[in-house]
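This report describes selected features of the structure shown below.

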Amino acid sequence: MREITLTDMERLGAFDEAERTFQMTEEAFRSFYELTARPVRVYLVRMTGDDRLADDLLQETYYRFLRANVAFSSDDHRRNYLFRIATNLVHDHRRKPFMEVPAAAIAEVPDAAAAAQAAERAARRLDLHRAMERLKPRERSMLWLAYAQGWSHEEIASAIGVKTASMKAMLHRARQRLVALLKNGERS
Amino acid sequence: MSAYDCPREQDVVNAVLGGRWPDRCDESLVAHAASCLSCREVAQVSMLLHEDVDHARIDVIVPAAGQIWWRAAVRARLESTHAAARPMTWMHGITGAIVIGAMLALVTAVWPMIPELMSTIRTIGKDYLPSSEVASALAGGLRQSLLIGSIAAVLLILTPLALYFVLSDD
C-alpha cells in the first residue's frame, strides 16, 4: 500500500474545502469539462491569439464558474454562462491583437491532390485569421459565438452584455465587415 | 424580416455546424440562400469558422479535468483561508490602536503631575539629603529616567505591532 504523504493530506483538505464552495461535485464537473473544455479552449485561443494566455484563462474561466453562485436552469444555460465568463476574461485581456498568424498547416499529405486541398484550406484559414485580426474584440466574439458555436442572438447578447435588439444590428455589421475584409484579402 | 437578418439564418448556421451544408440539407434552404444575400453571407462566414474550429480541435490539448479541479480547489482553499483571517487582522489592528490610544491618554494624564512629583521629591530631599544640590540632581536624574522609560515603553509596544503589520501577508 502506498504511504500517505503530507501532500495527500493537503489534497484531501483542499477537496473538502472545494466541496463546500464549488457549485458542483467533482464527478459532475468532469462530465461538464469533457463536453466544454475543447470549445472553450479553441475560443480562447482564437480570441486572444496566445496559447499560454488561453491556458491561464481556461483555468480562470472554470475557477470562476465553479465558484459562481448561480442556479442554472438547463445545460445550455450552464454552457452559456461558462462562455460568458470566458468572453469577459478575454475582454479584460484586450491588450494583445487577435492572433499570431499560424504556421501554414500543410502537414504530410499522401498525394498531390490532397496536398493542394490542404494548402487551399490552410490559405482560407490564414485569410480568415487575418480578417478576424482586424475586427474589434467584441465583433470577433459575436461572430465566433454566432457562427462557430451556433448561438442565438439572445444567448450572444447575454454573454457579451448587450441588448438583444442591438445584437442583430451589431452582428450584421460585424459579418459584413468580415466578408468585406475577406474579399479584400482575396483581391490582395 | 428586419434589414439586419433573415429568419432562415439560424437554419443555415445549424446546417453548416451540423455538417449538412450544402449537400445533405433541405434543398429549399440552399435555394433560398442562393437568392438571399444575408443567408449567403451567413453560410460563407459560418463555413469558414466551422472549418477553423474543426481544424483547431484536432490540435487542441486541454489540461485534464482533475488538474483543473485540483488547482481550483487549492485556490479556493487559499482564498477561504485569507477571507477567514481578514477579521482577525482587523481585530489585531483595532486592538493595537486601542493600546496606543490608552497609553497616550495615560501619558497625557500623568504628565502634569510630574513637576509636582519632582517638587515633592525635592522637598523631601531637603529634609533628608545633605544638601539642596544633591536633591535637585536626584530630581533631574529621575525626570530623565522617566522620559527614557516612557520612550522605551512606547517602543516596546509599537515595535511588535509594526513588525506584525509589515510581515503579515494580508
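## Salt bridges within chain A

A:D51 counts as partly exposed, with a relative accessibility of 46%. The model in which this residue is described is a predicted one. A:D51 forms a salt bridge with A:R41, and their closest N and O atoms are 3.8 Å apart. This pair links distant parts of the chain, since A:R41 belongs to helix α2 of chain A and A:D51 to helix α3 of chain A, 10 residues apart. A:R41 itself is buried, its relative accessible area being 8%. A:R41 also forms a salt bridge with A:D55, for which the closest N and O atoms are 2.8 Å apart. Here too distant parts of the chain are linked: A:R41 is in helix α2 of chain A and A:D55 in helix α3 of chain A, 14 residues apart. A:D55 is partly exposed, with a relative accessible area of 31%.

A further salt bridge brings together the side chains of A:E139 and A:R177, at 3.0 Å from N to O. Because A:E139 lies in helix α6 of chain A and A:R177 in helix α8 of chain A, the pair ties together parts that are 38 residues apart in sequence. A:E139 is buried, with a relative accessible area of 11%, whereas A:R177 is partly exposed, with a relative accessible area of 33%. Over all chains, the structure holds 15 salt bridges.

## The interface between chains A and B

In the contact between the two chains, 54 residues of chain A meet 40 residues of chain B. The area buried between chain A and chain B is about 4400 Å², and carbon and sulfur atoms give 65% of this area. A:Q59, A:Y147 and A:R175 supply 15% of the area that chain A buries against chain B, more than any other three residues.

Six salt bridges are counted between chain A and chain B. One pair joined in a salt bridge is A:R46 and B:D52, whose side chains meet at 2.6 Å from N to O. On the side of chain A that touches chain B, the elements giving two or more residues are α1 (6-21), α2 (26-48), α3 (51-67), α5 (112-133), α6 (137-147) and α8 (164-187) of chain A. The largest share of that side, 11 residues, comes from α2(A). By class, the side of chain A that touches chain B has 27 nonpolar, 11 polar and 16 charged residues.

## Organisation of chain B

Chain B has six helices and zero strands. Of its 170 residues, 27% are buried. Among the contacts in chain B with a separation of 6 or more, residues 24 or more positions apart account for 59%.

In helix α1 of chain B (residues 9-17), the buried residues are B:E9, B:V12, B:V13, B:A15 and B:V16. These residues cover an arc of only 165° around the axis, so they lie on the same side of α1(B). Just after α1(B), B:G19 adopts a positive phi of about 75°. B:W21 and B:P22 are joined by a cis peptide bond, with omega of about -5°. B:P22 is located in the loop between α1 and α2 (27-35) of chain B.

B:A76 lies in helix α4 of chain B. B:A76 counts as buried, at 0% relative accessibility. Apart from its neighbours within four places in sequence, B:A76 is in contact with A:T21, A:F22, A:Y63 and A:R67.

B:S80 also has its place in helix α4 (residues 65-110) of chain B. With a relative accessible area of 19%, B:S80 is buried, because the cut-off for buried is under 20%. A polar atom of the side chain of B:S80 lies 2.7 Å from the backbone oxygen of B:A76.

Conventions:
Residues are numbered from 1 along each chain as its sequence is written. Chains are lettered from A and ligands numbered from 1 in the order in which they are written. This is a predicted model: local features need pLDDT of at least 70, side-chain atom pairs count only at pLDDT 80 or more; totals for chains, interfaces and linings use all residues. Side-chain values use heavy atoms; hydrogens and water are left out. Buried means under 20% relative accessible area, exposed over 50%, partly exposed in between (1.4 Å probe, protein chains only). Helices (H or I, at least four residues) and strands (E, at least two) are DSSP runs, numbered from the N terminus. The arc is that of the directions from the helix axis to the C-beta atoms. A polar contact is a pair of N or O atoms within 3.5 Å; within protein, one must be able to donate a hydrogen and the other to accept it, and residues adjacent in sequence count only if both atoms are side-chain atoms. Contact means heavy atoms within 4.5 Å. Buried area is the accessible area (1.4 Å probe) that two parts lose on being put together, summed over both. A salt bridge is a side-chain nitrogen of Lys or Arg within 4 Å of a carboxyl oxygen of Asp or Glu. Ala, Val, Leu, Ile, Met, Phe, Trp, Tyr, Cys and Pro count as nonpolar, Asp, Glu, Lys and Arg as charged, and the others, Gly among them, as polar.
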